[in-house]
Amino acid sequence: MKRLAVLLGLLTAGAVTMIFAQPQQSPPPALEIQKVKENLYMITGGGGNTAAFITENGVVIVDTKVPGMGPGILEKVKSVTPKPVTMIINTHTHFDHVGSNTAFTGAVEFVAHENCKTRMEKMPAFQSDEGKKFLPGKTYKDKLSLLKGNDKIDLYHFGRGHTDGDTFVVFPALKVMHCGDMYAFSKALPIIDTNNGGSGLEYPKSLMKAAEGIKGVESVIPGHSPVADWAAFKEYGEFMRDFVAAVEQAKKGGKTVEQAVTDLKLPEKYKDFNLGRAKGAVTAIYSELK
């Protein structure tokens with residue numbers, strides 16, 4: 001018996017040691033909410049920037065961050081309105097923008113570009129019968145208007161860029177646009193996701209079409225950085241145009257990807273732009289120029 005007691009004691013001590021040796025699960029990222037305009041808020045942290053637009057009959061959410069952020073988003077929404085979430089708009093297929101769709105149950109309408117839905121259907125989270133309920137039920141090709149009056153929301157797709165299903169979300173009455181990751185970082189190169197239909201060559205063209213085709217916007221919510229103004233958004237389109245032109249010239253000159261990155265020279269006005277993703281962007285563009 002004594003021997004058994006000692007053995008049990010050792011096993012118990014070992015179990016306790018193993019429990020405390022396990023890495024502790026990290027708490028979910030802290031979310032912050034800030035007012036952009038009357039009835040429009042931006043929720044940051046835990047993935048892409050989320051917009052919360054308070055309408056007459058409910059709250060419209062743009063992008064739902066990474067998986068597990070649903071409760072945090074709802075908590076922030078409840079801090080500014082008692083109204084329920086009635087609509088989710090996904091700007092594109094990436095998990096840090098659609099990852100918490102499944103947290104929004106009940107009478108919620110999901111909306112996205114048709115190509116975004118096609119891409120989302122391939123994601124494991126949306127392949128089960130339960131997961132399919134959180135796929136976009138309403139899609140569009142070029143433009144779609146939702147709701148009316150001061151609650152009106154216009155959705156635009158101008159072509160390939162970050163993916164092949166990117167949506168620009170415009171709140172006309174507030175003169176604000178949410179860009180998703182077509183304008184993710186205000187002064188940095190984007191990720192060009194060719195696996196999901198993205199295109200480096202088409203990227204600047206799509207941005208310039210947006211700058212020309214969308215009227216009346218003053219403030220812009222990027223995918224991952226602070227609110228910017230319309231002039232900054234237009235400059236970003238020009239930056240991408242000049243970057244792609246420089247890469248095309250490097251390709252014509254027979255330079256390798258590494259040489260193109262090393263020798264890359266852009267106009268002085270872009271000296272504050274971060275070119276840290278240059279190799280990935282150049283690689284994507286070179287692949288299209290073959």
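Reader: What makes Asn39 count as buried, partly exposed or exposed?

Author: The relative accessible area of Asn39 is 33%, and the scale calls a residue buried under 20%, exposed over 50% and partly exposed in between, with a 1.4 Å probe and protein chains only. Asn39 is therefore partly exposed. As to provenance, this is a predicted model, in which local features need pLDDT of at least 70 and side-chain atom pairs count only at pLDDT 80 or more, whereas totals for chains, interfaces and linings use all residues. Residues are numbered from 1 along each chain as its sequence is written, and side-chain values use heavy atoms, with hydrogens and water left out.

Reader: What is noted about the phi of Asn39, and where does Asn39 lie?

Author: Asn39 is not a glycine, yet its phi is positive, at about 70 degrees. Most residues other than glycine have a negative phi. Asn39 sits in the loop between β1 (32–37) and β2 (40–44), where strands are DSSP runs of E with at least two residues, helices are runs of H or I with at least four, and both are numbered from the N terminus. Leu147 also has a positive phi, of about 60 degrees, although it is not a glycine; Leu147 belongs to the loop between β8 (143–146) and β9 (153–156), and its relative accessibility of 40% makes it partly exposed.

Reader: Why are α6 and α8 called oblique to each other?

Author: Two packed helices are described by the angle between their axes and the distance between the axes. For helix α6 (residues 230–252) and helix α8 (residues 278–289) the angle is about 60 degrees and the axes are 10 Å apart, the axes being lines fitted to C-alpha atoms over the stretch in contact, with angles from 0 to 180 degrees between N-to-C directions. Angles under 35 degrees count as roughly parallel, over 145 as roughly antiparallel, 65 to 115 as roughly perpendicular and the rest as oblique, and α6 and α8 are therefore oblique.

Reader: Which residues make up the contact of α6 with α8, and how do they divide by type?

Author: With contact meaning heavy atoms within 4.5 Å, Phe243, Val244, Val247, Glu248, Ala250 and Lys251 of α6 meet Ala278, Ala281, Val282, Ile285, Tyr286 and Leu289 of α8. Ten of the residues in this contact are nonpolar, none is polar and two are charged, where Ala, Val, Leu, Ile, Met, Phe, Trp, Tyr, Cys and Pro count as nonpolar, Asp, Glu, Lys and Arg as charged, and the others, Gly among them, as polar.

Reader: Which other pairs meet the rule, and how many salt bridges does it give?

Author: The count comes to twelve salt bridges, among them Arg241 with Asp242, whose closest N and O atoms are 3.1 Å apart. Arg241 is partly exposed at 38%, whereas Asp242 is buried, with a relative accessible area of 18%. Glu258 and Lys279 form another of these salt bridges, with their closest N and O atoms 3.7 Å apart; Glu258 is in helix α7 and Lys279 in helix α8, 21 residues apart.

Reader: Why is Ala184 called buried, and which residues does Ala184 touch?

Author: Ala184 has a relative accessibility of 5%, and therefore counts as buried. Leaving aside residues up to four places away in sequence, Ala184 touches Pro222, Gly223, His224 and Ser225. The C-alpha atoms of Ala184 and His224 are 5.0 Å apart, although 40 residues separate the two along the chain.

Conventions: A salt bridge is a side-chain nitrogen of Lys or Arg within 4 Å of a carboxyl oxygen of Asp or Glu.
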